[in-house]
Amino acid sequence: MWRIYAEYGRENVGDAVLGTVMALFSRALGLVPALVLGLAIDAVLLGTRPFRLPLVPDGLIPGTPAGQLWFAVALLVTATLVGAAGSWLQSYGWNKFAQNIQHALRVDTYERLQLQDRAFFDQSRTGELLSVLNNDVNQLESFLTDGLSSALRLLALLVGVGLVMTVLNPWLALVSLAAVPVLGVFTLLFVRRVQPKYARMRESVGALNARLENNVGGIEVIKTEGAEAHEVGRVRDASRSYLDTNWDAITTRITFFPGLSVLSGLSFALTFAVGAFWVLNGPPWFFRGTVSPGEFVTFMLYTQQFIWPLAQFGQIVNSYQLAKASSERVYGLLNADRSVRERADPVALAEVTGRVDYEGVTFGYDDAGDPGESFLGDESVLRDDPDDAGESVDPVLRDVSFTIPAGDTLGVVGPTGSGKSTLVKLLVRLYDAGEGTVRVDGHDVRDLSLESLRRAVGYVSQEPFLFYGTIRENIAYGTFDATDAAVEAAARRAAAHEFVENLPDGYDTVVGERGVRLSGGQRQRIALARAFLKDPAILVLDEATSHVDTETEAIIQRSLREVAADRTTIAIAHRLSTVKDADEILVLEGGRVVERGTHADLLAMDGLYANLWRVQAGDFDDLPDSFFEDAIARRAAIEGNATTD
Ligand SMILES: Nc1ncnc2c1ncn2[C@@H]1O[C@H](COP(=O)(O)OP(=O)(O)OP(=O)(O)O)[C@@H](O)[C@H]1O
């Protein structure tokens, strides 16, 4: 928590100083009424001491009792009004301080989150991340606004009122101040008990958010599977877990506050008893001196000002503990380690020719960061099944080597789960290869600046993501300064222009969250248009046309021939006709390159590719029995693998 003050407080220190000065000022003014009241009783009503006030010249004080009374009233009113203005400025300063810090922290945390590698997101639950970015950052508000200012006010009180009380009557002050160490010990006990409870409570908020976010995202499956009751049960469990952890913290907290009040009340009663005895019978025990009724009233009012805020100390400690639990989660995210990092002095690719080399590349998803480590520590609820954490899985790519000369097209085919998508994810460094090297234009991708690497590569994934917004915004995503004409030209190439034109608002049609208002094939064409508009040196198409009908695909293929003519292209496809004209085709099986060559070479080899080609041509009769046996074995291997993932 203190780190937040150190790192973010500096820029907003002016607001904090304003808040603090005003807090102390209004607190000091708060001392005036009691002093004036006690003086008025003794000087005006009882006439036992002269009407004199510290810091006020005697010349200003009226000589008659009536004048003194009105003077006292005027002082009371002025102190109240000026105190209120001071307290407004205090709130203004501290609220501004808190809001600005939260804003900066939220943006920094998001920026840091964006830098995380893909493996981090694979291991994290979206709802949990949102919970940290939102709930935990917001949770800091109460302490940032009030915590430090209240603590400072309290300190000023302890010192200020304590001093005044000591000056007024040191013996009686001793009786009142005796409560301080007792309350301190009591508070310490509370902190020890409540701190782990708050940490658990914040975790269960995260888990509940993750569950809710997951369910809203998966609403279609929930409905089509008729799983509503099942999901209500799971949400109930997550909510119950939050309720239980929160209730546990609440019961501790609600015992603490009355406990503090009792201790404060006892201390107040003790001071009253000793003081009243003193007024009536003279000093008790070894105490010395006299106490007038007016002094006694002043003293009791100060004691009240001193004791009850001490009880409020509990509130500060409580909001500190809550904020601490949240700040630990925020810093957990800010400090989370990354495996994909940029070198200190990365090479920026300027003129990209587009040569790509893979050299002995081996990769397994357990290379991509230890799934057992979470940014929230061991007790994280990020993983559904923590027992699986850290389990080693077989490499997904094994010793893969190939070269794509600049401007060539590489087709990648192979059975499902053979590692095709993984292969291209290493090119854009969504993950880093465990062994071996991936090079672009002769540079190891790990030496390149991520910005220049990703600018050089246009990547259309299997399930493209569209943002909530218009079609135009989605196509121009990443090429934010594109003109409308360029957007339209890219859409034409991706065979998207016609359907976009037929939408009610054309390019200004809002696609809904994740593009839900479009069909899968339409989404793919928007993503293709996005890549065409980016005009990268290397184009990666991962099943980029799998959802479009064959007729539309033919149109896209015609454009692609033109688009791919002068740039390096990697095309992954199940539909072999898509890659038939590639300069080279790699056939992956179980993460290994098992065949390579042109379409004609591969047919001539009469291996896996030739058999897959027969399958797609519908020539099942020409397939050897070994093809089916291998396919069944492959399925079993993939499914076996999936259960250990
Ligand atoms: N994020 C991930 N974490 C762990 N394992 C993964 C992850 N993504 C993929 N895998 C596993 O890696 C293997 C290869 O997956 P990949 O997506 O590269 O295959 P693919 O050949 O592209 O399959 P498809 O043709 O079905 O798209 C699969 O066994 C898959 O279960």
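These exercises work through a predicted model of one protein chain.

**Exercise 1. Overall form**

Solution. 
- Start with the inventory: the protein chain holds 21 helices and 10 strands.
- Now consider the box filled by the C-alpha atoms: along the principal axes it spans roughly 120 × 50 × 50 Å.

**Exercise 2. Domains and contacts**

State which domains the assignment gives, and find what distance separates their centres.

Solution. 
- Domain 1 covers 2-334.
- Domain 2 is made of 356-371 + 391-644.
- Over C-alpha atoms, the centres of domain 1 and domain 2 lie 58 Å apart.
- For burial, 37% of the 645 residues count as buried.
- For contacts, take those with a separation of 6 or more: 80% of them join residues 24 or more positions apart.

**Exercise 3. A helix pair**

Describe how helix H2 and helix H6 cross.

Solution. 
- Two quantities are needed, because packed helices are described by the angle and the distance between their axes.
- Helix H2 spans residues 13-29 and helix H6 spans residues 126-168.
- Their axes come within 10 Å and cross at roughly 40°.
- That angle makes H2 oblique to H6.
- The handedness of the crossing is right-handed.
- Next, list the residues that meet. H2 supplies Gly 19, Thr 20, Ala 23, Leu 24, Arg 27 and Ala 28. H6 supplies Ser 149, Leu 152, Arg 153, Ala 156, Leu 157 and Gly 160.

**Exercise 4. Two residues**

Classify Leu 172 and Arg 517 as buried, partly exposed or exposed, then place each one in the chain.

Solution. 
- Leu 172 sits in helix H7 (residues 170-177).
- Within 10 Å, Leu 172 has 26 other C-beta atoms. The cut-off for buried is 20 or more, so Leu 172 is buried.
- Beyond four places in sequence, Leu 172 contacts Thr 271, Val 274, Gly 275 and Phe 299.
- Thr 362 is 190 residues from Leu 172 along the chain, and their C-alpha atoms are 79 Å apart.
- Arg 517 belongs to the loop between helix H16 (497-501) and helix H17 (520-534).
- Arg 517 has 15 C-beta neighbours inside 10 Å. That count falls between the cut-offs of 12 and 20, so Arg 517 is partly exposed.
- Setting aside neighbours within four places in sequence, Arg 517 touches Val 511 and Gly 512 by the contact criterion.

Methods:
Residues numbered from 1 in each chain as written. Predicted model: local features only at pLDDT ≥ 70, side-chain atom pairs only at ≥ 80, totals over all residues. Domains from an automatic or database assignment. Helix = DSSP H or I, 4+ residues; strand = E, 2+ residues; numbered from the N terminus. Contact = placed C-beta atoms within 7 Å. Axes fitted to C-alpha atoms, helices over the stretch in contact; angles between N-to-C directions. Parallel < 35°, antiparallel > 145°, perpendicular 65-115°, else oblique. Left-handed = near helix turned anticlockwise from the far one by under 90°.
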